[in-house]
Amino acid sequence: MEDTSFAIHPGNKKEMPSQYQDIGNINNFKQEENDVHIICERGYVTIRFYRHDIVRIVMNPFATPSMQSSLALVKQPEDVIPVVQDMQNALTVVSDELKLTIDKYPLRISAYDVNDRPLVIENDKGMAFNEKGKVICFKEMNPDDHFYGFGEKAGFLDKRDEKYTMWNTDVYAPHNPETNALYQSIPYFMTLRDGQAHGIFFDNTFKSVFDMKSKADEYSFSAEGGDIDYYILAGRTPKDVLEQYTDLTGKMPIPPKWALGYHQSRYSYKTEAEVRELADSFIEKGIPLDAIHLDIHYMDGYRVFTFDNDRFPDPKKLVQDLKEKGIRTVPIVDPGVKEDPEYGLYQEGILGDLFCKYLDGRIFFGDVWPGNSAFPDFTNQAVRRWWGQKHQFYTDLGIEGIWNDMNEPAVFNETKTMDVKVMHNNDGDLKTHRELHNVYGLYMGEATYHGMKSLLSGHRPFLLTRAGYAGVQRYAAVWTGDNRSFWEHLSMALPMCMNLGLSGVAFAGPDVGGFAHDSSGELLARWTQFGAFTPYFRNHSALDFARQEPWSFGDKYESIIKKYIELRYKWLPHLYTLFQKTSETGIPVMRPLFMEYPQDENTYNLSDQFMIGSTVIIAPVLKPDTNHRVVYLPKGQWYDYWTDRQYEGGQHWLIEANLDTLPIFIKAGSIVPHGDIKSSANVADQQIKFHIYPSTGEDLSYTLYDDDGETFGYQDGLSIGLDIDCCFEENSVKIDVNKRIDRFQPAWKELLFEIHQLTIANIFYNGSHMNESELTFDNKTNTTTFRIAHR
Ligand code: GLC
């Protein structure tokens, strides 16, 4: 009804919000190790330190908080015993990094860092609840606050003056700025104020709302039920906040290398013959490809864990033949299990009592692709194990990647999802779907990832998911659902992916070219340029709309699209190095400029360009018929990647960019490694070329990371870390290369060094002077190159 005129019916008055009750004065408190328990007139609060710079605050109106957490949390509290001081009107609770001031009459909690920098200040409304069980927490909003994160949201980068609902929702259309509940719910944000950052993670799985809009000097976060349960992350840089947030909710494992290559999808490649033809076209045209996705038509009547025998007579042979060509097969797996008494999976689910049910024992059935279907109750560990092990069906065929869709869960009905009255078993701790809706997809991800991991005997699984909650990065890459082939949706994908990265989900990307609606050659070319630098890179399009394979719009576009897919492969050594760093630090691969330049206000809402790591700016063209754009370059010197022209930063530049050109800028004083252009990511690089971009008077360094790209051997140290140090002195350059770790032996035959904007110099490599005959000077591009055999 919302999209008809009924939405503005005069009789359609909004329900008055029921009155909130304040938690009231502090009656009593006591400290127990990391915890401080406070009893108020109308509620109970527990404060627990997880680290000196992370504190959790939990409020329950009726009882001492249980301190249970959602599946998002992986962190155990460290040994942090805060110092509590009882003053007349307030308590102070202090760790080495955080200071809480707790007013007693009534209870109000404010957090400062140890330098008394205010982080989170409760205003006169504090924490409250109403008789329907809704909980809310109000904070002061500072005029200089900028907000980021919130997972997958439409709109610009800075979320100040936005109000967001967290409720995993299947939104086929529209994705526009006012569609704020999408497929993922990550109830977390970062505040940037005067160049310093802190974060809040509100770990409440009910439908929640973050309101950074309604009042000029106040923001709030609220939920339909449960506890107020939030963590304050002290920062103080944006990177610190990411490290803290991912310490709580987990780091992303290093993906298999092939998952970082180019993926081709379509709803649907419907037959084995079509899939083979597709793969052959890529090979014939010399366009790199790492994965083909199989959408719902591969199945027998949309029954998961089946193949349609007529259309796919020999899936095992298909998967293996493709793999020999370097192409992986990624089938879609939805949670809905067709109600069909003759279908084995359905029988197992019924006989094993594995499906979601109402309290009175009736199974919940909902309409999805296969028709009437039941849904596994992933909140039970036994169900997750069962579902995970079922993936042997796929791994036996040689499949290593799975695509989870419709796992909000989506249901074709008015509410778009499961009845909120369904009672999840939750390993005996019964909870309604109203409470666990937002984590259903995360539980499915856990089941699938762990199942695949146990079946793949040491190989890294790849999982792509549409729905998720905080912590989803531990299991899956995320694509941003059913976007459209609109230029507006191309633009929107930049801040959306940046904010996903800021929410811990570093491995994300949109459907390149747009899912629904008809793409065009120009849009696909521009979108592929952008996609070449998004962490996840998949072209996907929907049934009945224009085909979107790289060659679909003729030679002119094909050659540009091919060039940028190839560019992705050239950049893989750098991207892989960044992914490895993310797996250790949580700092995203694709990041907004403010992450590197938090003092620079020009970056705070810069939504149309982004960085890869800390040294590369990507500024895609986001409009049709446009051969230029404005690019903001922060303070410093920048090189145009294509022409080597140098630009002075701290200003906006008008950059020419014909259809063949994606504007890329490299910070002076950095090193970027390139690998070979190859047919797929697992083909070993024979040569690594280090592009060195000097900056006057600066020494440069880079550590290249590599490993076998497909097993978990890296966790036992089977990797290589190659340190490149570059020291510029008057008329000489010293380059030193050292293996920091070398338990993995890469296939590289040679290392190439290309020093930009340098033509006459003495070059020393690991202490020895290079003969002039070993150097190549290029006067046209102003570069000096030399090569070293690698053993
Ligand atoms: C959903 C997915 C889309 C997929 C389609 C059919 O709309 O978001 O990617 O192609 O279902 O499975």
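Colleague: What should I know about the numbering and the cut-offs?
Modeller: Residues count from 1 along each chain as its sequence is written. The model is predicted, with local features needing pLDDT of at least 70 and side-chain atom pairs pLDDT 80 or more, while totals for chains, interfaces and linings use all residues; side-chain values use heavy atoms, without hydrogens and water.

Colleague: How much space lies in the second largest pocket?
Modeller: About 620 Å³, taken as the space filled by probe spheres set on the grid points, which are joined across faces, edges and corners. A pocket is an open set of points on a 1 Å grid over the protein atoms alone where a 1.4 Å probe fits, with protein on both sides within 12 Å along at least five of seven lines.

Colleague: Which residues lie nearest its centre?
Modeller: Q68, S69, S70, K431 and E435, out of 25 lining residues; lining means an atom within 4 Å of a point.

Colleague: Which element gives the most to that lining?
Modeller: Strand β5, with 3 residues. Both β5 (54–60) and α7 (433–436) supply at least two; strands are DSSP E runs of at least two residues, helices H or I runs of at least four.

Colleague: Where does the pocket lie relative to the domains?
Modeller: Domain 1 (21–238) and domain 2 (257–479) both give residues to its lining, so the pocket lies between them.

Colleague: New topic: at what angle do α11 and α12 pack?
Modeller: About 55°, with their axes 5 Å apart. R568, Y569 and K570 of α11 meet L572, P573 and L575 of α12, contact being heavy atoms within 4.5 Å.

Technical notes:
Domains from an automatic or database assignment. Axes fitted to C-alpha atoms, helices over the stretch in contact; angles between N-to-C directions.
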